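The sequence and the structure are shown first.

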Amino acid sequence: MKNTGTLGHTDLTSTSTSFSMSIGHSDAASIPPSKEHVDYEELDIDVEFGDLELRNKLERRFLRKLDLRMSMLVLIYILNYIDRINVSTVRSGLTTDLHLEGQQYATLLSILLVGYIIMQIPSNMFLNYIGKPSLYLPACMVIWGVISALTGITTNFTGALLTRFFLGFVEAAFFPGAVFLISKWYKRTEIGLRLAILYCGNLISNAFGALIAAGILANMNNDLGQAAWRWLFYIEGAMTVSVAIITVFVLPDFPTNTKWLSDDERRLALKRMEEDAGVGDQTETEDGGRGHGFYLAVTDWKVWWFSLLGASQAVALSFTVYFPTLTATLGYNPTVTLLLVAPPFVFAAIVAFTLTRHSDRTQERFYHMCASNIVGIIGFIISMCTMNTAARYLSLFLVVQTYAGIMLLLAWISTSFPRPPSKRAVCFSFINALQQLGGIAGPYAWPSNWGPTYRYSYGICLAASCATMIMSWVFRQHLKKLNKKLEEEEQEKGVKEKGFRYIL
């Protein structure tokens, strides 16, 4: 893949040749539209791989093998998100049996993100330190699968609150860890596509989660004396644990310590990352102790700006945790209501992948993000203005495709932060964690007394989308200035070849 590249409830890499930490130097480059595989005819290719043809053949084979193993991350993300959102599919039964009142249900949705925020940064720092994602991520999967299943035995608000908090605490390891793992293997021009595929797992999980819930809730009520919503947690938690065991044998570690690589493939993996940024991606750019990467991240203003931008986008997407509630306003029975959840998310996955792929090919982010948000704003306006069944269901398709915006944001982030890897690991998790502040606030924008129109809730999402576009434009203008400085520096030094640039 190409080294470019949550959620809301959600990628990221690269740098300039000098790797200066000042904002006046580039951390990433805009690569001209290119093929999935880049030929290196202009480069002085190392003879260690034979001639150019042998090098390209080895690289194609290497990428196929790597992509096949990395595809496991999509399945993990589907299970990760299903375990997170299953509370929204069982709202009626859960609130009745646990005697929830007022804003307690919204608190159950938000508390998960509190644990999520707390754990993301230390988790990625630890992952970078141990260098064994094939063991660390599956271990976290087992734990969160068990916790998810334990939600089914809770009998009151306090018990559900604790399981949701610790579920978020452990689930926090996955998404920033997955993005960091991808950034250790793929080049800037390859990452965008891979992250788009990964994030599509988020969208697919909403569709599959609703279909699974529809089957369980319709057919397993009072089986063995257990309510159907409790069976949903048991079954989905068991699925996660089962997949975690398989994952240990599939996921790669880092290029330096993955056992199933041949010697040639290992040298090629390291060489690719060095060629992509002008310096290696292991210890070559590390300077300082274990906490130095954290210091570099928190003192980079771009990290804070992206965090705020991501939080705004998360508020705009807050409707997703209430999606079954919104389809219920269409007036159908509970089973049909859950079945109606799936089509909009399937549509969103297709749109998001297509838009992200085009953005990757053209190496442009801002206008693609705006296109997705504008379509979403149209959907919000339709929902605010009518209760017509067909129009409101159409509006759900329009608003859900806004997920493309956050996928593009992730891709943009990936080209905005430099090495060393320790800093990049913190940047991924720091931004993804802080953007969840929008996810914590979002559920409180949908109180039941604002239904069934939820006009004010849609208005909040509309305003958040507008704020996201404005902040993105400001950042784009800043990047244009940095690119101009880089061009002037090259002209002063007499450099003829275009160097690294920020992707706008």
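## Buried charges and helix packing

R365 is buried, with a relative accessible area of 0%. The model in which this residue is found is a predicted one. R365 forms a salt bridge with D360, and the closest N and O atoms of the two lie 3.5 Å apart.

Side chains of opposite charge can pair when their charged atoms come close. Across the whole structure, a search finds 11 salt bridges.

| Pair | Closest N and O atoms |
|---|---|
| K132 and D253 | 3.1 Å |
| D300 and K302 | 3.1 Å |
| D360 and R365 | 3.5 Å |

The bridge between D253 and K132 connects distant parts of the chain, 121 residues apart. D253 sits in the loop between α9 (228–247) and α10 (263–277), whereas K132 belongs to the loop between α4 and α5. D253 counts as buried at 5% relative accessibility, while K132 is partly exposed, with a relative accessible area of 25%.

In the pair formed by K302 and D300, K302 counts as buried at 2% relative accessibility, and D300 counts as buried at 5%. Elsewhere, a network of salt bridges links R55, E59, E190 and R272.

Helix α6 spans residues 157–171 and has 15 residues. From its first C-alpha to its last, α6 reaches 21 Å, close to the 21 Å expected at 1.5 Å a residue. At the start of α6, a side-chain oxygen of N156 comes to within 3.3 Å of the backbone nitrogen of T158.

Which residues of α6 are buried? They are F157, A160, T163, R164, L167, G168, V170 and E171. Seen down the axis of α6, these buried residues fall within an arc of 165°, so they line one face of the helix. They pack against α2 (72–89), α4 (104–130), α5 and α7 (174–183).

The chain has a mean pLDDT of 82, and 86% of its residues reach 70 or more. Over residues 1–45 the pLDDT is below 50; beyond near neighbours in sequence, this stretch has 220 contacts in the model. Confidence is highest in helix α5 (residues 133–150), at a mean of 95, and lowest in helix α19 (residues 421–434), at 74.

Note on methods
Residues are numbered from 1 along each chain as its sequence is written. This is a predicted model: local features need pLDDT of at least 70, side-chain atom pairs count only at pLDDT 80 or more; totals for chains, interfaces and linings use all residues. Side-chain values use heavy atoms; hydrogens and water are left out. pLDDT is the predictor's confidence in each residue, from 0 to 100. Helices (H or I, at least four residues) and strands (E, at least two) are DSSP runs, numbered from the N terminus. Contact means heavy atoms within 4.5 Å. The expected span of a helix is 1.5 Å times one less than its number of residues. Buried means under 20% relative accessible area, exposed over 50%, partly exposed in between (1.4 Å probe, protein chains only). The arc is that of the directions from the helix axis to the C-beta atoms. A polar contact is a pair of N or O atoms within 3.5 Å; within protein, one must be able to donate a hydrogen and the other to accept it, and residues adjacent in sequence count only if both atoms are side-chain atoms. A salt bridge is a side-chain nitrogen of Lys or Arg within 4 Å of a carboxyl oxygen of Asp or Glu.
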